[in-house]
Amino acid sequence: VKVTIDTEYCVGHGRCYDVAPALFAGDEDGMGIVNGDGSVAADHFYAASAAVRLCPERAVRLSR
Amino acid sequence: MGAMAGDTAETQAGVLCFDELPMAGDRTAAYSIIRDAGPITKDDHGAFVIISREAAEYVLKNPGLFSSKRAFDGVGSPVPMLPIAYDPPEHTRYRRVLQPFFSPRSVGPRLAALRELAGKLIDGFADRGECDVMPDFAVPFPAEVFLTLFGLPLDDRDRLVRWKDAVLDAATFRGAEAPSQEAASAGAELYAYLVGHIAQRRSEGGGDDLLGQLLADTSDERLTDHEMLGLSFQFVLAGLDTVTSALSTSFAALATQPGLRRQIAADLSVIPDAVEEMLRIDGPVHVLPRVATDDTEVAGQAIPAGSVVNVAVGAANRDPAEHRDPDTIDFRRQERHLALGGGPHRCLGSHLARMEMRVAFEEWHRRIPEYELKPGSRPEVRWPTGMIGYDSLPLVFAPRRSAR
């Protein structure tokens, strides 16, 4: 399972790196970036789904 | 509906009268009246009101169709507020200049200073057993943070707060509407102060605050004085009111709902989720105005070009299609909300605002875990207004034992 950020929609709310700092980080403008290739280890799955659920722009996605 | 207040707030013509809503004392009743008129309706000033979350997101994410350019005319700023009253691509350029100052990387290092300031203010009354949260804490804490960061004299705090209150009291958030006489004259006073302050800062030079850095910018993207004034006007309103108001509604909820208060006092790590949930259910900004640039349609409703389109984010945050039991505060919810806006105009200061709120509740509950409304007081929020919040919130608590 991998997380992605649709950069066309991200406006930098920062919810993803706030709730799932193992998976996401913020750039110098506060826009979300995916750490590494976005692979989600089993113990980060809950945080990944919280990031998806919390993004006000619906820009964070979880896919196989 | 059925509530008596609803009979006056929604007339026989199916038009929503915002001024008549029972917001002051019962936001749940007021928001349910709005919600029952959804997903879209009209208000008694002829504006469209966007109520469902789906429609709200659509409007906020489409600045080409729903412009901000004339949407804030009723606020009374002599120059367009920047960046809120601009559309892309100009807006995009301004945000590019400003965002680095407000990213978590920039505001994060202020954490220790914020913590110290909040603690110092709370220590000022923790031994007293009572306080008025607004003048004692929720006004001075965000004000000092903002004035320091932006570059305005702390000595001018009280008069800047007075001008901010005068502007917001008189402002209409109906979009594309000339400001009232009162709004225009309050706006002119604040504007005159800012003209003087910016001229002085420009001649002095220096300063590592936001104003100093923007004034020192010599790049192609540097802001003109006209732009600096529009920016300063908006920042004074935003910096001196939003966190103050958000703290006020949050403290009111915690003071009256012991179960919520004790969840926080028992485990301070709940605070980030608690802040989000309190912003969702009772955020200060309940409506975001836009103006339609073309004939269009939202949720099956035709909207002619030039119409004012008010996005009722406060109601959208309680949309039952998105939130189970939307009127219940549940810190474990972890659901998206629009309390800090959405789309390109997302609150520029959101990272700082969240940090201030978290620090405020952490430092407060470390010192004052148990508190309630002062017996006999029945505080109500300002209404009608564009910015929901309490002006006074008297609390009582066990005085802290002095040995510390």
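Me: Is B:Arg358 buried or exposed?

Reply: In this predicted model, B:Arg358 has a relative accessible area of 17%, so with buried meaning under 20% it counts as buried.

Me: Where does B:Arg358 lie?

Reply: B:Arg358 is part of helix H16 of chain B.

Me: Let's look at H14(B) then. How many of its residues are buried?

Reply: H14(B) is mostly covered, with 10 of its 12 residues buried.

Me: How far does H14(B) reach from its first C-alpha to its last?

Reply: H14(B), residues 271-282, reaches 16 Å, close to the 16 Å expected at 1.5 Å a residue.

Me: Back to H16(B). At what angle does it pack with H8(B)?

Reply: About 140 degrees, with the axes 11 Å apart. H8(B) covers residues 140-150. The two helices are therefore oblique to each other, and their crossing is right-handed.

Me: Which residues make that contact between H8(B) and H16(B)?

Reply: H8(B) brings B:Phe141, B:Pro142, B:Val145 and B:Leu149, while H16(B) brings B:Leu352, B:Glu356, B:Val359 and B:Ala360. By class, the contact has seven nonpolar, no polar and one charged residues.

Me: What about H6(B) and H8(B), how far apart are their axes?

Reply: Their axes are 10 Å apart, and the angle is about 145 degrees. H6(B) runs over residues 111-123. The crossing of H6(B) and H8(B) is right-handed.

Me: Which residues are in the contact of H6(B) with H8(B)?

Reply: From H6(B) there are B:Leu114, B:Leu117, B:Ala118, B:Lys120 and B:Leu121, and from H8(B) there are B:Pro140, B:Phe141, B:Glu144 and B:Val145. They divide into seven nonpolar, no polar and two charged. B:Phe141 and B:Val145 turn up here, and they are also in the contact of H8(B) with H16(B).

Me: Now H10(B) and H12(B): at what angle do they cross?

Reply: They cross at roughly 120 degrees, and their axes come within 10 Å. H10(B) is residues 181-204 and H12(B) is residues 225-256.

Me: Why are H10(B) and H12(B) called oblique to each other?

Reply: Angles of 65 to 115 count as roughly perpendicular and those over 145 as roughly antiparallel, so a crossing at roughly 120 degrees is oblique. H10(B) passes H12(B) in a right-handed crossing.

Me: Which residues meet there?

Reply: On the H10(B) side they are B:Gly187, B:Leu190, B:Tyr191, B:Leu194, B:Val195, B:Ile198 and B:Arg202. On the H12(B) side they are B:Asp225, B:Met228, B:Leu229, B:Ser232, B:Phe233, B:Val236 and B:Leu237. The classes are 10 nonpolar, two polar and two charged residues.

Me: Which residues have a positive phi without being glycine?

Reply: B:Ala299 has a phi of about 50 degrees, and B:Asp325 has one near 45 degrees. B:Ala299 is found in the loop between strand E7 (296-298) and strand E8 (301-303) of chain B, whereas B:Asp325 lies in the loop between H15 and H16 of chain B.

Me: Is B:Asp325 buried or exposed?

Reply: B:Asp325 is exposed, with a relative accessible area of 52%.

Me: Last one: what is B:Ala316 in contact with, leaving aside neighbours within four places in sequence?

Reply: B:Ala316 is in contact with B:Ile51, B:Ser52, B:Arg53, B:Ala56 and B:His323. B:Ala316 sits in helix H15 (residues 313-316) of chain B and counts as buried at 0% relative accessibility.

Note on methods: Residues numbered from 1 in each chain as written. Chains lettered and ligands numbered in written order. Predicted model: local features only at pLDDT ≥ 70, side-chain atom pairs only at ≥ 80, totals over all residues. Heavy atoms only, no water. Axes fitted to C-alpha atoms, helices over the stretch in contact; angles between N-to-C directions. Helix = DSSP H or I, 4+ residues; strand = E, 2+ residues; numbered from the N terminus. Parallel < 35°, antiparallel > 145°, perpendicular 65-115°, else oblique. Left-handed = near helix turned anticlockwise from the far one by under 90°. Contact = heavy atoms within 4.5 Å. Nonpolar A, V, L, I, M, F, W, Y, C, P; charged D, E, K, R; others polar. Expected span 1.5 Å × (residues − 1). Buried < 20%, exposed > 50% of the residue type's maximum accessible area, 1.4 Å probe, protein only.
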